[in-house]
Amino acid sequence: DWTAANIVDDSVAVIREQVGDAHVICGLSGGVDSAVAAALVQKAVGSQLTCVFVDHGLLRQGEAEQVERDFVATTGVALKVVDATEQFLGALAGVTDPETKRKIIGREFIRSFERAAREIVGESGAVDWLVQGTLYPDVVESGGGEGAANIKSHHNVGGLPDDLQFGLVEPLRTLFKDEVRAVGEQLGLPAAMVWRQPFPGPGLAIRIIGEVTRDRLEILREADAIARAELTAAGLDRDIWQFPVVLLADVRSVGVQGDGRTYGHPIVLRPVTSEDAMTADWGRLPYDLLERISTRITNQVREVNRVVVDITSKPPGTIEWE
Ligand code: XMP
C-alpha cells in the first residue's frame with residue numbers, strides 16, 4: 001500500500017539497517033529534498049545525525065530562519081550552521097559573468113562544507129555516511145532542478161577530499177517530487193519548506209544582473225518578498241512553477257516620484273509555468289495582482305522605480321536570467 005506513513009516506516013527500517021550505529025552527516029540547502037531526506041534519517045537514527053547548513057548569504061528573506069529555527073524545531077535535528085556570507089561575497093566581488101558566479105559559488109560551497117565536516121569528524125570521532133536527497137528522476141537521468149541536483153553537485157563524494165570518504169544514504173531514491181512532499185507533510189515539516197518552489201543553488205546571485213553586493217541583495221530580497229507574498233495572497237502558489245524576481249543592477253532608467261526625478265533600477269518579474277523546467281511558458285498572472293506587486297515594489301523598495309514582466313517562453317529564454 002502506497003501511503004506516506006508506510007514510506008516513512010520502510011525508509012526508517014532501511015536507514016537503520018544501512019548505517020547501524022555509525023555517524024551520519026547531511027547538508028541542508030533550504031529545499032524540500034534535503035529537508036525530507038534529513039528528517040527521515042533523523043527519525044531513523046536520531047542523534048547519530050548531524051546536519052550542516054552553509055548559509056551563503058544568497059537565500060531569500062526568511063529562508064535561513066526556516067532551516068535554523070523551524071526545521072530544527074520540528075525535527076529536533078543537531079544542526080551546525082556555517083555563516084559564510086562574508087566568504088561568498090568576498091569571492092564574488094567584481095564578478096559579473098554568470099558561469100563564473102556559479103563556479104565560484106560551487107567551489108566556496110565545497111570548501112565550507114568540507115571544513116564543517118572536518119570539524120564534526122574531529123568532535124565525534126568518525127562520520128561514515130553522507131545523506132543525499134537524490135530523487136528517482138535524478139537516478140534515471142541526472143537533470144537540472146533545485147535541491148537534489150544542487151546537493152548532488154555540491155556535496156557529492158567526488159567533490160570531497162580522499163580522507164573524507166563517506167558512504168551514501170539516499171532515502172528518496174525511489175520517490176518522485178510529489179511523493180517527497182507527501183512524506184515531508186507526514187513528518188510534519190514546515191509547509192513553506194515542503195511546498196517551496198524550485199530555487200537554484202546559486203540563489204539570488206544569478207538573479208542580480210551585474211556584480212553581487214550586500215546592498216543589491218538587500219534590494220532584491222525586499223522586492224522578491226513582496227512578489228512572493230502577493231502571489232501567495234492571491235492563492236496562486238501552486239499554479240506557478242517558479243517566480244524568479246530579477247534585479248537589473250547595472251541598468252538605470254528615469255522615473256518620477258512626488259516632485260522629484262528618480263534614476264533607479266528595474267525589477268523583472270519572471271513567473272513561469274512548467275512540468276519539469278526543461279521547457280516553460282510565461283505565467284499569465286492576473287493584471288490586478290501584477291498591479292499590486294508593481295505598486296508595492298516601487299513604493300517600498302528604495303532604488304527601484306520600474307517593474308517589468310518577462311513574457312518569454314523557454315525556449316528561447318531560460319527560466320533564470322543567468
Ligand atoms: P533554466 O534557467 O536553465 O533553469 O531554465 C532550469 C531550472 O534549473 C534551475 N537552475 C539551477 N538550479 N543550480 C541549481 O541548483 C543552478 O546553477 C541552476 N541554474 C538554474 C532553475 O531555477 C530552474 O528550476
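User: Among contacts in the protein chain between residues at least 6 apart in sequence, what share join residues at least 24 apart?

Analyst: A contact here means two residues whose C-beta atoms, placed from the backbone, lie within 7 Å. Counting contacts between residues at least 6 apart in sequence, the share that joins residues at least 24 apart is 76%.

User: What kind of model is this, and how are residues numbered?

Analyst: It's a predicted model: local features need pLDDT of at least 70, side-chain atom pairs count only at pLDDT 80 or more, and totals for chains, interfaces and linings use all residues. As for numbering, residues run from 1 along each chain as its sequence is written.

User: What is the radius of gyration of the protein chain, and what would a compact globule have?

Analyst: The radius is taken over C-alpha atoms, and the globule rule is 2.2 Å times the number of residues to the power 0.38. With 322 residues, that rule puts a compact globule near 20 Å. The chain agrees, because its own value is 20 Å.

User: How many helices and strands are there?

Analyst: Both are DSSP runs numbered from the N terminus: helices are H or I with at least four residues, strands are E with at least two. On that basis the protein chain has 11 helices and 11 strands.

User: Where does Gly30 lie, and is Gly30 buried or exposed?

Analyst: Gly30 sits in the loop between β1 (24-28) and α2, and UniProt, in an unreviewed entry, lists Gly30 under "binding site", along with others including Ser29 and Gly31. UniProt positions use the numbering here, feature names are shortened, and annotations may be inferred rather than shown by experiment. A residue is buried if 20 or more other C-beta atoms lie within 10 Å of its own, exposed if 12 or fewer, and partly exposed in between, with C-beta atoms placed from the backbone. Gly30 has 26 such neighbours inside 10 Å, so Gly30 counts as buried.

User: How are α1 and α8 oriented to each other?

Analyst: Helix α1 (residues 4-19) packs against helix α8 (residues 177-186) at about 85°, with the axes 9 Å apart. The contact uses Ala4, Ala5, Ile7 and Val8 of α1 and Ala182, Val183, Glu185 and Gln186 of α8. Axes are lines fitted to C-alpha atoms, for helices over the stretch in contact, and angles run from 0 to 180 degrees between N-to-C directions. Angles under 35 degrees count as roughly parallel, over 145 as roughly antiparallel, 65 to 115 as roughly perpendicular and the rest as oblique, so α1 and α8 are roughly perpendicular.

User: Which residues does a cis peptide bond join, with omega about -15°?

Analyst: Most peptide bonds are trans. In the segment after β11 (304-309), where Pro315 is found, the bond from Pro315 to Pro316 is cis, with omega near 5°. The cis bond with omega about -15° joins Lys314 and Pro315.
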